[in-house]
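Dear colleague,

Please find below the structure that I am handing over to you. A summary of the findings follows it.

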Amino acid sequence: ELIFWSTWAERVFGWSADEVLGRPFPAEISDESERGPASERIERTLAGAVINGDLVHRRARDGRELVLEIYAAPLRNEDGASIGYAGQMIDVTDRQHDVSQLRAMEVDRAFEAGVRKALSDALASLPPDAGLEQAAQVVCDELTNLPGIDFTAVGAFLGPDDAVLIA
């Protein structure tokens, strides 16, 4: 049973203290797949483990997905017996989103660097007298060696109404 529910918890999860105090954690907060690990974490904490930043996924009352870090430690009476646990959750949803965006940007930059190198290598391998078709074919061949590129084509615009597929 919950004995404390902060204004932060009310704001993030969407349940008021009156709705949750004296009751178990609302079941809607955790997906079914998260309930087993959550119970195991509570059992470990009651047995004496300290939880330092376990990353979990939860849902707010309005359905928003939350990414939280959990910190918890056992509460003991004067004889040292476990009588419960104290826990804190930190909402890291925005931070996780930012990390995902940074990773995507790193992948994009790595891909762009690969394209630049492939183009540079292709053009450097051409003989001085190479024609446009040969250059286009070498560029296409080099680009298709990159991961994630299955097809390339090079076109040329010869005039306002003429476009030619070269390679």
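Predicted model: local features only at pLDDT ≥ 70, side-chain atom pairs only at ≥ 80, totals over all residues.

Does Glu-69 count as buried or exposed? At 14% relative accessibility, Glu-69 counts as buried, where buried means under 20% relative accessible area, exposed over 50%, and partly exposed in between (1.4 Å probe, protein chains only).

Residues are numbered from 1 along each chain as its sequence is written, and side-chain values use heavy atoms, with hydrogens and water left out.

Overall composition

The chain contains five helices and five strands; helices (H or I, at least four residues) and strands (E, at least two) are DSSP runs, numbered from the N terminus. From that end, the order of the elements is α-α-α-β-β-β-α-α-β-β. Of the 167 residues, 25% count as buried. The accessible surface comes to about 11400 Å², and 54% of it belongs to carbon and sulfur atoms; these areas come from the Shrake-Rupley method with a 1.4 Å probe, and for residues only the protein chains shown count as cover.

The sheet and its helices

An open sheet is formed by three strands in the order β1-β2-β3, with antiparallel pairing; two strands pair if DSSP finds at least two bridges between them. Its edge strands are β1 (51-59) and β3 (82-91), each of which pairs on one side only. On average, neighbouring strands of this sheet are turned by 35° against each other, direction ignored. Axes here are lines fitted to C-alpha atoms, for helices over the stretch in contact, and angles run from 0 to 180 degrees between N-to-C directions.

Strand β2 (residues 65-76) pairs with β3 in the antiparallel sense over nine bridges. Leu-75 has Gly-84 in β3 as its bridge partner. Helix α3 (residues 32-46) packs on the sheet and touches β1, β2 and β3, its direction making about 150° with that of β1. Helix α4 (residues 93-124) also packs on the sheet, touching β1, β2 and β3, and its direction makes about 130° with that of β2.

Glu-69 is placed in strand β2. Its side chain makes a polar contact with the side chain of Tyr-71 (2.8 Å); a polar contact is a pair of N or O atoms within 3.5 Å, and within protein one must be able to donate a hydrogen and the other to accept it, with residues adjacent in sequence counting only if both atoms are side-chain atoms. Leaving aside neighbours within four places in sequence, the residues in contact with Glu-69 (heavy atoms within 4.5 Å) include Asp-54, Gln-88 and Arg-95.

The nonpolar cores

A nonpolar core is a set of buried Ala, Val, Leu, Ile, Met, Phe, Trp, Tyr and Cys residues joined through side-chain atoms within 4.5 Å. The largest has 16 residues, and those with the most contacts inside it include Trp-5, Phe-13 and Leu-68. Two or more residues each come from α1 (7-13), α2 (17-20), β1 and β2, and β2 gives the most, with four. A second, separate core of six residues includes Ala-118, Leu-143, Leu-146 and Ile-149.

Leu-21

Leu-21 lies in the loop between α2 and α3 and counts as partly exposed, because its relative accessibility is 35%. Its C-alpha atom is separated by 6.5 Å from that of Phe-4, 17 residues apart along the chain.

Yours sincerely
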